[in-house]
Amino acid sequence: MLVTFLGLVSASILPTVSLVIGSLSSSGRSVMKIDELAQELSRAVHTLFSILGLVAAVVALLMVIAVVPDTPWRLPYFLIQVPDAARRALQSLALLFAVAATLEAVKIPRILARVLSIKKDIAIFEARKALADKSPSDADVRQMFAKKEGFGNTIPLDSLRS
């Protein structure tokens with residue numbers, strides 16, 4: 001059951017990596033944001049591949065555990081015999097790699113949240129740029145709302161009473 005679960009985890013990593021790589025494009029983005037996004041996506045790909053490697057190590061160890069002979073080890077200088085020592089050592093190593101894969105997987109939500117934040121900044125930048133491109137210039141606004149001659153002139157009150 002553990003090998004099946006780890007196989008499903010591994011099968012989901014490669015499509016995720018291709019989606020992560022495909023999400024980097026340069027349309028209407030600032031160079032700084034493209035660089036930030038590329039760094040975060042690079043971290044995500046590195047983390048996903050390290051998880052894939054750790055999962056592969058766990059699966060390999062689980063397969064080796066299945067074929068290791070059941071031979072006890074006698075500790076030198078002691079009268080103690082450890083039954084099934086090779087299998088227990090391999091199980092401990094498999095547990096260590098599984099914990100390492102889990103700790104790597106914990107990084108993924110943080111990376112994805114950072115990518116989402118960068119994408120939000122990029123979308124705001126693009127929306128502001130599109131709005132600025134579509135909005136009329138100051139000269140166009142003055143022409144649309146032309147003022148009559150004499151608008152805003154100061155007239156002394158004495159000149160109005162006479």
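**Figure 1. Salt bridge between R114 and E40 in the predicted model.** The side chains of R114 and E40 form a salt bridge, with N and O 3.8 Å apart; the term stands for a side-chain nitrogen of Lys or Arg within 4 Å of a carboxyl oxygen of Asp or Glu. This pair joins distant parts of the chain, as R114 belongs to helix α4 and E40 to helix α2, 74 residues apart. Helices (H or I, at least four residues) and strands (E, at least two) are DSSP runs, numbered from the N terminus. R114 is partly exposed at 34% relative accessibility, whereas E40 is buried at 8%. Buried means under 20% relative accessible area, exposed over 50%, and partly exposed in between (1.4 Å probe, protein chains only). This is a predicted model, in which local features need pLDDT of at least 70 and side-chain atom pairs count only at pLDDT 80 or more, while totals for chains, interfaces and linings use all residues. Residues are numbered from 1 along each chain as its sequence is written, and side-chain values use heavy atoms, with hydrogens and water left out.

**Figure 2. R43 and its contacts with E40 and T47.** R43 also forms a salt bridge with E40, the closest N and O atoms being 2.5 Å apart. R43 and E40 are three residues apart in helix α2, so about one helical turn separates them. With 43% relative accessibility, R43 is partly exposed. Salt bridges link E40, R43 and R114 in a network. The backbone oxygen of R43 is 2.8 Å from a polar atom of the T47 side chain. T47 is in helix α2 and is buried, at 5% relative accessibility.

**Figure 3. Salt bridge between K107 and E104.** N and O are 2.9 Å apart where the side chains of K107 and E104 meet. K107 is partly exposed, with 33% relative accessibility, and E104 is buried, with 17%. A search of the whole structure finds three salt bridges.

**Figure 4. The nonpolar cores.** A nonpolar core is a set of buried Ala, Val, Leu, Ile, Met, Phe, Trp, Tyr and Cys residues joined through side-chain atoms within 4.5 Å. The largest one has 20 residues, and L37 and V55 have the most contacts inside it. Helices α1 (2-22), α2 (31-67) and α4 (107-134) each supply at least two residues of this core. Its largest share, 10 residues, comes from α2. A second, separate core has six residues, among them I65, V68, A86 and L90. In soluble globular proteins, nonpolar side chains tend to be buried together.

**Figure 5. A nonpolar surface patch of L95, V99 and L103.** Together these residues have about 300 Å² of accessible area, by the Shrake-Rupley method with a 1.4 Å probe and only the protein chains shown as cover for residues. Patches consist of residues with over 30% relative accessible area and no salt bridge; like charges are joined within 9 Å, nonpolar side chains (Val, Leu, Ile, Met, Phe, Trp, Tyr) within 5 Å. L103 is located in helix α3 and is exposed, with a relative accessible area of 55%.

**Figure 6. Confidence in strand β1 and helix α3.** The predictor's confidence in each residue is given as pLDDT, from 0 to 100. Confidence in the chain is lowest in strand β1 (residues 73-74), with a mean of 65, and highest in helix α3 (residues 85-105), with 84. The chain averages a pLDDT of 77, and 83% of the residues score at least 70. Where pLDDT is low, the predicted coordinates should not be read in detail.

Note on methods. A polar contact is a pair of N or O atoms within 3.5 Å; within protein, one must be able to donate a hydrogen and the other to accept it, and residues adjacent in sequence count only if both atoms are side-chain atoms.
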